[in-house]
Amino acid sequence: MDMLAHLKDIYAQYSHDVKELRQNASVFDGMFGMGNDPRDDRLHDVFYDYVGKWAELFLQQNPSGEDVAAAVRWILEAAALHRNEDVYWYYFAAQIHVKPMIPLLAAADCKAIRDWYQEHYPRIERMPVQRDVYRLLCRSAKQNTR
């Protein structure tokens with residue numbers, strides 16, 4: 001199984017499910033804390049957990065440096081590509097799953113990803129997870145000689 005294709009399927013399915021959830025929601029759902037607020041639906045947690053499980057399985061397969069770089073890029077770029085969409089915040093949160101992958105990246109990949117990350121996620125927008133990811137990218141860019 002192509003692991004990156006599977007990851008993309010997880011993201012595509014989540015995006016589809018969120019759109020469907022929004023379309024089927026009442027205009028009043030979530031208003032004043034009443035009804036079934038689509039933002040509180042379990043499918044968001046399921047997506048987050050699937051990405052975490054995918055990352056664990058991916059790392060167990062001893063992926064090549066090229067595959068690791070592609071996976072890290074995909075996960076980090078997803079939120080930036082879907083800014084102002086309902087999926088944004090969970091794509092942003094799912095970035096935590098790249099943390100164990102970063103030490104496996106070559107220094108050149110870390111530098112390139114770090115520079116891209118800095119441009120697309122300015123310091124002021126970063127949550128604790130993103131600050132950790134950025135720090136790891138900086139540290140790995142200096143230490144990795146692969």
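1. A disulfide here means a pair of cysteine sulfur atoms within 2.5 Å. A search of the whole structure finds zero disulfides. Cysteine 138 is likewise in no disulfide, the nearest cysteine sulfur being that of cysteine 110. Cysteine 110 has 0% relative accessibility and counts as buried; buried means under 20% relative accessible area, exposed over 50%, and partly exposed in between, with a 1.4 Å probe and protein chains only. Cysteine 138 is buried too, with a relative accessible area of 18%.

2. A word on the source. The model is predicted, so local features need pLDDT of at least 70 and side-chain atom pairs count only at pLDDT 80 or more, while totals for chains, interfaces and linings use all residues. Residues are numbered from 1 along each chain as its sequence is written, and side-chain values use heavy atoms, with hydrogens and water left out.

3. The overall layout comes next. Helices (H or I, at least four residues) and strands (E, at least two) are DSSP runs, numbered from the N terminus. Of the 146 residues in the chain, 38% are buried. The accessible surface of the chain comes to about 8,800 Å², and carbon and sulfur atoms account for 52% of that surface; the areas come from the Shrake-Rupley method with a 1.4 Å probe, and for residues only the protein chains shown count as cover.

4. Contact means heavy atoms within 4.5 Å. Taking the contacts between residues at least 6 apart in sequence, 74% join residues at least 24 apart.

5. Which residues have the most contacts inside the largest nonpolar core? They are Tyr11, Trp54, Met101 and Leu105, in a core of 40 residues. A nonpolar core is a set of buried Ala, Val, Leu, Ile, Met, Phe, Trp, Tyr and Cys residues joined through side-chain atoms within 4.5 Å. Helices α1 (3-24), α2, α3, α4, α5 and α6 (128-143) each supply at least two residues of this core. The largest share of this core, nine residues, comes from α3.

6. Helix α3 has 17 residues and reaches 24 Å from its first C-alpha to its last, close to the 24 Å expected at 1.5 Å a residue. The expected span is 1.5 Å times one less than the number of residues in the helix. Buried residues of α3 include Val68, Ala71, Val72 and Ile75. Methionine 101 touches these four, along with Trp54, Ala55, Phe58 and Leu59, not counting residues up to four places away in sequence.

7. Helix α5 (residues 107-120) has 14 residues that should span 20 Å, and its end C-alpha atoms are 20 Å apart, which agrees. In α5, Ala107, Cys110, Ile113, Arg114 and Tyr117 are buried. They cover an arc of only 130 degrees around the axis, so they lie on the same side of α5; the arc is that of the directions from the helix axis to the C-beta atoms. The face of α5 turned away from its buried side carries the exposed residues Ala108 and Glu119.

8. Isoleucine 102 lies in the loop between α4 and α5. Is isoleucine 102 buried or exposed? Isoleucine 102 is buried, with a relative accessible area of 0%. Its C-alpha atom and that of isoleucine 113, 11 residues apart along the chain, are separated by 10.0 Å.

9. Valine 133 lies in helix α6 and, at 0% relative accessibility, counts as buried. Not counting residues up to four places away in sequence, valine 133 touches Leu76, Gln95, Val98, Lys99, Ile102 and Tyr117.

10. Most residues other than glycine have a negative phi. Asparagine 62 has a positive phi of about 50 degrees although it is not a glycine, and its place is in the loop between α2 (43-60) and α3 (65-81). Asparagine 62 is exposed, with a relative accessible area of 68%. Asparagine 84 has a positive phi of about 70 degrees and is not a glycine either. The place of asparagine 84 is in the loop between α3 and α4 (88-93), and this residue is exposed at 78% relative accessible area.
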